[in-house]
Amino acid sequence: MSQLAGLPLIDEFRDGVLARKLAADIAREARSDREYHFMEFCGGHTHALCRYGLMELLPRHVRMVHGPGCPVCVLPMGRLQQAIDLAMKPNVILCAYGDLMRVPGKDRQSLLSAKARGAAVKLVLGSGEALRIARENPTKEVVFFAIGFETTTPTTAVALRAARDGGMTNFSVLCNHVLTPSALSAILASDQVKVDGVVGPGHVSTIIGSAPYERFGTEHHLPIVIAGFEPIDLLASILMLVRQVNEGRHEVENQFTRAVNREGNVLAQKLVDETLMLRDSFEWRGLGAIAASALKVRPAFAAWDAEVKFSLEDQVVKDHPACACGDILRGVKRPTDCKIFATACTPDHPMGACMVSPEGSCSAYFLYGRGRQSAPQERAS
Amino acid sequence: MSTRAKTFFRKLDLANGVVEATHGTGGKVMAQLVEELFLPAFDSKELRARNDGALLEVGAGQLVVSTDSYVVSPLFFPGGDIGSLAVHGTVNDVAMGGARPLALTVGFILEEGFPLKDLARIVASMAAAAKAAGVPIVTGDTKVVERGKGDGVFINTTGVGMLPAGRVAPSAERMRPGDVVLVSGTMGDHGVSILSTRESLSFESELLSDSAALNSLVELMYRAVPDLHVLRDPTRGGLATTLNELTHHVGVGVRLREKDVPVKPQVHAACELLGLDPLYAANEGKLLVVCAPGDAKKLLEAMKEHPLGRDAAIVGEVVEDPECFVQIDTTFGGARILDWLAGEQLPRIC
């Protein structure tokens, strides 16, 4: 038996003493005559910043801007509604990841509420489970609701190939995979958000490698540090960003060397390329339509493409007017700037996706901000 | 039973038979199921009396009654099954009332087509669990639902226990700021064990459910400390949820220390992987106890003497808090809230 913190390769990265030392280094090296605005792209990073109170350790002029890297949050409600509508079909079993189950769509419907009304919705931990369900239910149409950034895309690719190789006729994929570099480009292209550096995605980069970010250095003169998800990873990455800014460098640096290299997972990239292709444009919740920012199933795999199989049409579902998810996802507003944050919108009754997904910044602020004197960032001193 | 005339033409086919609708109709077929399966397994003088209810002899005192229904899936999991769980869960609920469990009732809801082999395995497991806990199963009921209307087998058990004379029943209202919170062992074993049975998850070391009857541990605790303020078994929702129920009911807060909360490394690792928190994962053989600060050390020593309390630990204190927060001081430094979750924890995608 061990105590709660007792895992090798995790413990070392949650060392509070080392964290304070890193925070002191940041405070010493960050110039007092300027501000530093760094965007952490990933929801996982936002979550860790809040959970460990890291923003309270940073000096006031080093500020974190929360990015859109929460796959559940950026999924437009219209796409969610497609899944709910599919699930309501009598012969369909819809397989979805756990954090999608409670996301509110049109008229506050969710996959969970659809399930209660008789829809066959199964929570799966991966595409393999969806394939198994399809094999076990040969008379049903099993649809895998595929979402996520590059981290989860290869598992969808594997499922498509397995379905083809197995000659499965009752399995299809509703593909909503989106691309990190495209979203980052879109945010940097807008002048609403000013960032001096980016804490780059960790898990995504295990797949795509660090090379795809290199153009941000040349095109946007922006330093990027790919970071792991533990508090030490994040603080070390912020320190690396401060140093790049101070030295006028704009390079892609890799703090997460224990998992990420320049090339990424080439085998996974090939699999994705074999089964999926770029969409011309894709709607992101909060960010709007972004060109070449998402993937769809290749025509060669059309037999396993739910959009083709069920002749799905695009749906547009508007966000609740009071919900500031869009601005929050672009880093323009903080969760605490939203009028309905923690009042009308809570994890029990989420109005927007940033609250319902545990990766969302509103959820992170709600979970970890309360009980402190103020919201995480505002407490910084 | 052996002296009775032969009532049933052919013995129940426990190897290959399946539950049929008639097994729940109250006729002879059901009687055979009771005679050949339930009675030999749960043998007690109350059951042998074959009355609708059981007559229990109790002295002057207070009874504690608790009931629970078990609909777990999968039915068999590492370290237990729905049968042992149905015994342990209800025995523990009675024991958490400070009572000595005296007897259990059992109600089966069986789905037509359910293999008798599996039912026999469940029944044997219930019988063994009841025997080990020293709590007889004294009356029961069987219903069969049409194929497709159930999930194999649902079990309800009701437990009755007696509060020993002179013992003040533990109750949420008795917790007050300054009191100490202890747990009897590692948190989250059952919940994560159930999750690990999913096909897509396999861990190097098999993780067993902690399903166990806690009544003997409770008695040992009372011998060491006659006044326990609160006793709870943190089942669904885990330690965090149980503590939130208590703090919100009473209007106090609880402050835990992360470094002191026992969690098995496998459970911690699995939770890291799935984005779950072990403090929200179910336990079926653990208790949390709140006692006066002066009693805590003695209580901890007593708990550690019992096999089910070997990993017991003092994990935190009851504090004044109008917000009723359950907070945990992290090993990283600082505190975070263990919120009262809207529903069950759902695994995250990345």
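Predicted model: local features only at pLDDT ≥ 70, side-chain atom pairs only at ≥ 80, totals over all residues.
**Two packed helices**

Two packed helices are described by the angle between their axes and the distance between the axes. In chain A, helix α8 (residues 153-165) packs against helix α13 (residues 266-275) at an angle of about 55 degrees, and the axes are 8 Å apart. Angles of 65 to 115 degrees count as roughly perpendicular and those under 35 degrees as roughly parallel; α8(A) and α13(A) are therefore oblique to each other. The crossing of α8(A) past α13(A) is left-handed.

On the α8(A) side, the contact is made by Thr153(A), Pro154(A), Ala157(A), Val158(A), Leu160(A), Arg161(A) and Arg164(A). On the α13(A) side, Ala268(A), Leu271(A), Val272(A), Glu274(A) and Thr275(A) take part. By type, the residues of this contact are seven nonpolar, two polar and three charged.

**A buried helix**

Helix α9 (residues 180-189) of chain A has 10 residues, and eight of them are buried, so α9(A) is largely enclosed by the rest of the structure. The buried residues are Thr180(A), Pro181(A), Ser182(A), Ala183(A), Leu184(A), Ser185(A), Ile187(A) and Leu188(A).

**Aromatic pairs**

Rings count as a pair if their centres lie within 6.5 Å. By this rule there are nine aromatic pairs over all chains.

The arrangement follows from the angle, because planes under 30 degrees apart count as stacked and planes over 60 degrees apart as edge-to-face.

Phe41(A) lies in strand β2 (residues 36-42) of chain A, while Phe149(A) lies in the loop between β6 (141-148) and α8 of chain A, so their pair ties together parts that are 108 residues apart in sequence. A residue is buried if its relative accessible area is under 20%. Phe41(A), at 1% relative accessibility, therefore counts as buried, and so does Phe149(A) at 5%. Phe41(A), Phe149(A) and Trp284(A) form one aromatic cluster.

The other pair lies within helix α1 (residues 28-42) of chain B, where Phe38(B) and Phe42(B) are four residues apart and so separated by about one helical turn. An α-helix has 3.6 residues a turn, so residues three or four places apart point the same way. Phe38(B) is buried at 6% relative accessibility, and Phe42(B) is buried at 5%.

Conventions:
Residues numbered from 1 in each chain as written. Chains lettered and ligands numbered in written order. Heavy atoms only, no water. Axes fitted to C-alpha atoms, helices over the stretch in contact; angles between N-to-C directions. Helix = DSSP H or I, 4+ residues; strand = E, 2+ residues; numbered from the N terminus. Parallel < 35°, antiparallel > 145°, perpendicular 65-115°, else oblique. Left-handed = near helix turned anticlockwise from the far one by under 90°. Contact = heavy atoms within 4.5 Å. Nonpolar A, V, L, I, M, F, W, Y, C, P; charged D, E, K, R; others polar. Buried < 20%, exposed > 50% of the residue type's maximum accessible area, 1.4 Å probe, protein only. Phe/Tyr/Trp six-rings, centres within 6.5 Å; stacked < 30°, edge-to-face > 60°.
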